[in-house]
Amino acid sequence: MKYITQRNPFVKGGQNVYPVLRETKTQYICKNDIRFRKPASGESDGCSVRAVGADRWDESATLHIKD
């Protein structure tokens, strides 16, 4: 299972957690069509990803991989 965490001071706990529902060649797609770019260097637990879209703030997020 993969999920992405992103710091957000406006939610309880201070971070959003987005479970990855599906993937494309270049993006992770989460609930409500929230998308993150896959890292160019390859994915690993704890790597940094960026949100895609004009309505998303430019705050980096972290990919977590659980077996």
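**View 1. Sequence separation of contacts in the predicted model.** In this predicted model, 28% of the contacts between residues at least 6 apart in sequence join residues at least 24 apart. The chain has six strands and zero helices, giving the pattern β-β-β-β-β-β along the sequence. Its radius of gyration is 11 Å, close to the 11 Å from the globule rule for 67 residues, so the chain is as compact as a globular protein of that length. The C-alpha atoms fill a box of roughly 30 × 30 × 20 Å along the principal axes.

**View 2. Strand S6 and its pairing partners.** Strand S1 (residues 2-7) pairs with S6 in the antiparallel sense over five bridges. Lys 2 has Ile 65 of S6 as its bridge partner. S5 also runs antiparallel to S6, joined to it by two bridges. Val 49 is bridged to Ala 61 in S6.

**View 3. The largest nonpolar core.** This core holds 12 residues, including Ile 4, Tyr 18, Cys 30, Phe 36, Val 49, Ala 61 and Leu 63. At least two core residues come from each of strands S2 (15-23), S3 (27-30), S5 (48-52) and S6 (61-65). In soluble globular proteins, nonpolar side chains tend to be buried together. Of the 67 residues in the chain, 30% count as buried.

**View 4. Surroundings of Ile 4.** Beyond its neighbours within four places in sequence, Ile 4 is in contact with residues including Asn 16, Val 17, Tyr 18, Val 20, Tyr 28 and Cys 30. Phe 36, Val 49, Ala 61, Thr 62 and Leu 63 are also among the contacts of Ile 4.

View 5. The chain exposes about 4,700 Å², of which carbon and sulfur atoms supply 48%.

Terms used. Residues are numbered from 1 along each chain as its sequence is written. This is a predicted model: local features need pLDDT of at least 70, side-chain atom pairs count only at pLDDT 80 or more; totals for chains, interfaces and linings use all residues. Side-chain values use heavy atoms; hydrogens and water are left out. A nonpolar core is a set of buried Ala, Val, Leu, Ile, Met, Phe, Trp, Tyr and Cys residues joined through side-chain atoms within 4.5 Å. Buried means under 20% relative accessible area, exposed over 50%, partly exposed in between (1.4 Å probe, protein chains only). Helices (H or I, at least four residues) and strands (E, at least two) are DSSP runs, numbered from the N terminus. Contact means heavy atoms within 4.5 Å. Two strands pair if DSSP finds at least two bridges between them. The radius of gyration is taken over C-alpha atoms; the globule rule is 2.2 Å times the number of residues to the power 0.38. Accessible areas come from the Shrake-Rupley method with a 1.4 Å probe; for residues, only the protein chains shown count as cover.
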